[in-house]
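Subject: Structure handover

Hello,

Here is the structure for you to look at. My notes on what turned up follow below it.

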Amino acid sequence: MSAAPEKVAASPSITPASRSTPRRQPRRLSRRALLWFKGALHLVFSLPLLWLIYGVNQGLLGGDPVQYLIHFTGKGALNILLVTLLVSPLAKALQAGFLLECRRLIGLWSFAYAGLHLAIFISLDLLFAFNLLFSEVIKRPYLVVGMLAFIVLLLLAVTSFNRLRRRMGKGWQLLHNLIYLAAPVIVLHYAWSVKSGLIEPMLYGAAVAVLLWIRRAKLVAIVTSARRAV
Amino acid sequence: MKRSDFVTRRVTKPSWAISEAEVTPEAVFRERRAIVKALGLGALGAGLTGAGFSGTAQAGLFDAFSEKKPPAFIPQALQFGRPERFQDLSEPLTGEDKVTTHNNFYEFGTDKTSPAENAQGLITNPWMLKVDGLVDTPLTLDHDDLLKMFALEERIYRLRCVEAWSMVIPWVGFPLAALLAKAGVKSSATHVAFETLYDPNQMPGQKNRFIGGGVDYPYVEGLTVAEAMNELSLLSVGLYGKTLPPQNGAPIRLVVPWKYGFKSIKSVVRISLVNKEPPTSWNKLAPDEYGFYANVNPAVDHPRWSQASERRIGPGGLFSASRIPTRLFNGYEAEVAHLYKGLDLKRFY
């Protein structure tokens, strides 16, 4: 409550200062350029999948590429999720608001990779042995944790349509805040699944920690408002 | 013309000759074809390869990103017998291309394909295998001794990895018991300790923890003397009728088929008879997950995953694998169960 008047008081003092030092122009893109930019993003995120098909076909991924396929798509989903979390800090730093318009697209690519990851696991590793799903999957905590993260991504993907977003009102933002939970959970899923060599999962953990630290003020606000609601 | 000039001219290649490094070794060429065929995924990528991408030009594109690699190891045909009891063909063999391109050999990297990519230059001849410790006559075997000192035989064994995948592999080798008998095991010996080659210059995983998966090298393993003397314990020098490729543990490796794959130590340089349980690499790394015995047991789960079933990597394409229930001692109960009478297998995992 006390922060609000300060903000009001602060804003006029910025204006004279910005007159003396030329304010950076926000970067804008024309509609056409934005379409091209989005097209380029789609290309960037689909190329690794094309490489995967090529690699399997040419035998570059070994005699039994299932593990490779699972790791590749899983890590791909995590990488793209990190990019998603980088969008808003980057947009702020570069004053490039158009980046925010690409965030949904990037998030959906992360979901696509996660879906492939799960589909390959069920089809090529578990070989559709659904009778094993309970005896095998429940015993592996990293799978439970991974499934949890996937459900979050699924919910976010399903509710990503503009129309649904408008209809959901405030609930939409609340739901989509779950991404800040999903990111560390995915890293836990990764760290838990490896037989040895925790260096790489730890690097991912550090990256997620940095991305969450950047928006710590927002996270604190989310937590306190949630507490108040309870 | 002096004689020396003549000799020099004879061995100098003309300028237009391609260097040996540029020629795709026949083994690689054949292997690539076999893999493509085995995957049976030709149709999936037909759109890609059909569009003029196929052939050597494409291979060159990707080779450009990797360092110059030594030529592929060329296996040598072996002479061996085929004892009836080890020729169980009731389960189809895992394809040779899969056995040689899907490996855990962290000394060459932790990806399944890393060993086949990075181990080709491993010097396996000359080699020295020492047998020492509590023996009557310490032995030193060189590369030729490994192939000639004992009668070789082919044995078809199941291999069950602790990661819950499995294969069926025709190994060529000789019983570990034969080697131990030659050295003469002293009665004070209780265990056998094994050690893999330590050579960071040849093994990138030993030089860099990131590549080597954090394992403490040299890789070490161990068995009890009773386990080592069991008829199933094999020292393998080959598979599919030829000498072992480096990624499979050339020139000599252990095969103990009733235990998880990590017990079957590769590229062995030392076998020591000792009087206490020797340290073992995976046990040192995660003692709550990997025990000394590491017997295949569907009733004792890995703390992070179930061991009740396994993914059998079959003879055909991607979809030829199957989920099958895992068997106690990997199905070798008749041969080895007596070794563990009275032992709590849940406690001594």
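Start with a salt bridge: the side chains of A:Asp64 and B:Arg311 meet, N to O, at 3.0 Å. Keep in mind that this is a predicted model. Side chains of opposite charge can pair when their charged atoms come close.

The interface

Three salt bridges are found across the interface of chain B and chain A. Polar contacts there come to nine residue pairs, both partners at pLDDT 80 or more. Which of them gives the most? That is α2(B), with three residues. By type, the chain B side divides into 19 nonpolar, 12 polar and 10 charged residues.

Now the totals. Chain B puts 41 residues into the contact, and chain A puts in 38. Together the two chains bury about 3,400 Å². Carbon and sulfur atoms account for 61% of that area.

Salt bridges overall

Over all chains, the search of the whole structure finds 18 salt bridges. One to look at within chain A is A:Glu200 with A:Lys75, where the closest N and O atoms are 2.9 Å apart. A:Glu200 sits in helix α10 of chain A and A:Lys75 in helix α3 of chain A, so this pair ties together parts that are 125 residues apart in sequence.

A helix pair in chain A

Helix α10 of chain A (residues 199–214) also packs with helix α9 of chain A (residues 179–193). Their axes are 9 Å apart, and the angle is about 170 degrees. Angles over 145 degrees count as roughly antiparallel, so α9(A) is roughly antiparallel to α10(A). From α9(A), the contact uses A:Tyr180, A:Ala183, A:Pro184, A:Val187, A:Tyr190 and A:Ala191. From α10(A) come A:Glu200, A:Pro201, A:Tyr204, A:Gly205, A:Val208 and A:Leu212. Sorted by type, the residues of this contact are 10 nonpolar, one polar and one charged.

Backbone points

Most residues other than glycine have a negative phi, and most peptide bonds are trans.

- The bond from B:Tyr217 to B:Pro218 is cis, with omega near 5 degrees. B:Pro218 lies in the loop between α10 and β6 (220–224) of chain B.
- The bond from B:Ala250 to B:Pro251 is cis too, with omega near 0 degrees. B:Pro251 lies in the loop between β8 (242–243) and β9 (253–255) of chain B.
- A:Gln95 is not a glycine, yet its phi is positive, near 55 degrees. The loop between α3 (66–94) and α4 (103–125) of chain A holds A:Gln95.

Best wishes

How values were computed
Residues are numbered from 1 along each chain as its sequence is written. Chains are lettered from A and ligands numbered from 1 in the order in which they are written. This is a predicted model: local features need pLDDT of at least 70, side-chain atom pairs count only at pLDDT 80 or more; totals for chains, interfaces and linings use all residues. Side-chain values use heavy atoms; hydrogens and water are left out. Axes are lines fitted to C-alpha atoms, for helices over the stretch in contact, and angles run from 0 to 180 degrees between N-to-C directions. Helices (H or I, at least four residues) and strands (E, at least two) are DSSP runs, numbered from the N terminus. Angles under 35 degrees count as roughly parallel, over 145 as roughly antiparallel, 65 to 115 as roughly perpendicular and the rest as oblique. Contact means heavy atoms within 4.5 Å. Ala, Val, Leu, Ile, Met, Phe, Trp, Tyr, Cys and Pro count as nonpolar, Asp, Glu, Lys and Arg as charged, and the others, Gly among them, as polar. Buried area is the accessible area (1.4 Å probe) that two parts lose on being put together, summed over both. A salt bridge is a side-chain nitrogen of Lys or Arg within 4 Å of a carboxyl oxygen of Asp or Glu. A polar contact is a pair of N or O atoms within 3.5 Å; within protein, one must be able to donate a hydrogen and the other to accept it, and residues adjacent in sequence count only if both atoms are side-chain atoms.
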